[in-house]
Amino acid sequence: MKILDILSCITEIAPLEWQESYDNAGLIIGNPDDEVEKALVTIDVTDEVLEEAVSGGFDIIIAHHPLIFKGLKKINDENPVSRLVRKAVMNNIAIAAMHTNLDNSPVGVSACLGARLGLSEVKILRPLDNCPEAGAGVIGILPSPLTENEFLSLIRNTLGTVAIRHSALTGKKITKVALCGGSGSFLIDDAKAAKADAFVTADIKYHDYADADGKILLIDAGHFETEQFIKDFIAVKISEKNRNFAVSISSVKTNYIHYFV
C-alpha cells in the first residue's frame, strides 16, 4: 500500500491541520506514493527502534513524537537525530509522526488515557478556536468517586509508573477528572475552571504546583506514561482499514526517563 493511504487512517480522524504551529507531524522521511508492506508503531524513534525496523523488514516507522523538530545542517553521525535520519535513508525506511494532531483529536492521546481510566461523559478541555470538536486535553467522570490515595493508586497501576509527583492532597473525593497526555501544565487553569477534582498530565514545573491552591489535585504521571496508549490506537486504526497490511507495535520501551527508587 502507499504511504499516503496508510497515514490517512490516522489523518482522517486527526487532520494535520490540527497540529500546533511548532510541530512537525506528517511524513518526515519518504515519499507519500512509495509502496510499503510493514509498519512499526512507536512513541519515539531511537537507535533501538530503528534497528528493530531494519531487522524486522519494516518499510515505515510511525511515531508519536517527530524525529525532526528543527532544521538539520548536516546528515552525519554527530548527533542522534542526524544519525537516525542517515540510517533510515540508507535502509530505505520511511518515518512519519502523528503528534499534536493526535493530541488535539477528540479520540486521540488524552481520550485514550481517559478510556483506560474508565472515564465517561468525556469532553474536550480546551477546544481549538477554529474547530470546537477538537482541542487539548479532556475531562470526564470516574465510574465511582475515589479517595485521592485510591485515585493515585489507579493512575500508578494503569500507567505502570514507578513514581508519581503530585500537589498537596485536598482531602476531597475524586469524581471529575481532567487529563492531558504529555506536557499539559498550560491547561491547569482550564481544569480548575471546569471544576475538575484532579488533573493528570506530565512535565509540571515546581511553581506550577502552587496553582493547585487547595482546589485541585495536580498529578504528574510521566510524559511517556501518559502517552503510551496511543501506540495501540494507531495500530488498531490502521488494521481496521487495512486487514491485510502488517502493522506491529515496537517492543522497545522508548521512555527517556529512568527512576532510581
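Tutor: What follows is a set of questions about terms, each answered with a value and a cut-off. This is a predicted model, in which local features need pLDDT of at least 70 and side-chain atom pairs count only at pLDDT 80 or more, while totals for chains, interfaces and linings use all residues. Residues are numbered from 1 along each chain as its sequence is written, and side-chain values use heavy atoms, with hydrogens and water left out.

Student: What makes Cys-9 buried or exposed?

Tutor: Buried means under 20% relative accessible area, exposed means over 50%, and partly exposed lies in between (1.4 Å probe, protein chains only). Cys-9 has 4% relative accessibility, so Cys-9 counts as buried. Cys-112 has 12%, so Cys-112 is buried as well.

Student: Why is Leu-169 called partly exposed?

Tutor: Leu-169 has 42% relative accessibility, so the label is partly exposed. Leu-169 sits in the loop between β7 (165–166) and β8 (174–183). Helices (H or I, at least four residues) and strands (E, at least two) are DSSP runs, numbered from the N terminus. Contact means heavy atoms within 4.5 Å. Leaving aside neighbours within four places in sequence, Leu-169 is in contact with Glu-148, Asn-149, Leu-152 and Leu-217.

Student: Which residues of α2 are buried, and what makes them one face of the helix?

Tutor: In α2, Val-49, Leu-50, Glu-52 and Ala-53 are buried. Seen down the axis of α2, these residues fall within an arc of 155°, so they line one face of the helix. The arc is that of the directions from the helix axis to the C-beta atoms. An α-helix has 3.6 residues a turn, so residues three or four places apart point the same way. On the other side of α2, Glu-48 and Ser-55 are exposed. The cover over the buried residues of α2 includes β2 (38–42), β3 (60–63) and α3.

Student: How do you know that the buried residues of α3 share a side?

Tutor: The buried residues in α3 (residues 80–90) are Ser-82, Leu-84, Val-85 and Ala-88. Their arc around the axis is only 160°, which puts them on the same side of α3. Among the elements covering them are β1 (26–29), α2 (47–56) and β4 (94–97).

Student: What makes Asn-79 a cap of α3?

Tutor: A side-chain oxygen of Asn-79 lies 3.1 Å from the backbone nitrogen of Val-81, at the N-terminal end of α3.

Student: What joins Thr-254 and Asp-44?

Tutor: Their side chains form a polar contact of 2.8 Å. A polar contact is a pair of N or O atoms within 3.5 Å; within protein, one must be able to donate a hydrogen and the other to accept it, and residues adjacent in sequence count only if both atoms are side-chain atoms. Thr-254 lies in the segment after β11 (246–249) and, at 4% relative accessibility, counts as buried.

Student: Why is Lys-38 said to lie over the face of Phe-58?

Tutor: A charge sits over a ring if NZ of Lys or CZ of Arg is within 6 Å of the ring centre and within 35 degrees of the ring normal. Lys-38 lies over the face of Phe-58, at 4.5 Å from the ring centre.

Student: What is the phi of Glu-121?

Tutor: Most residues other than glycine have a negative phi. Glu-121 is not a glycine, and its phi is positive, about 50°. Glu-121 is found in strand β5 (residues 120–128) and is exposed, with a relative accessible area of 62%. Asp-213, also not a glycine, has a positive phi of about 55° and is found in the loop between β9 (198–202) and β10 (217–220).
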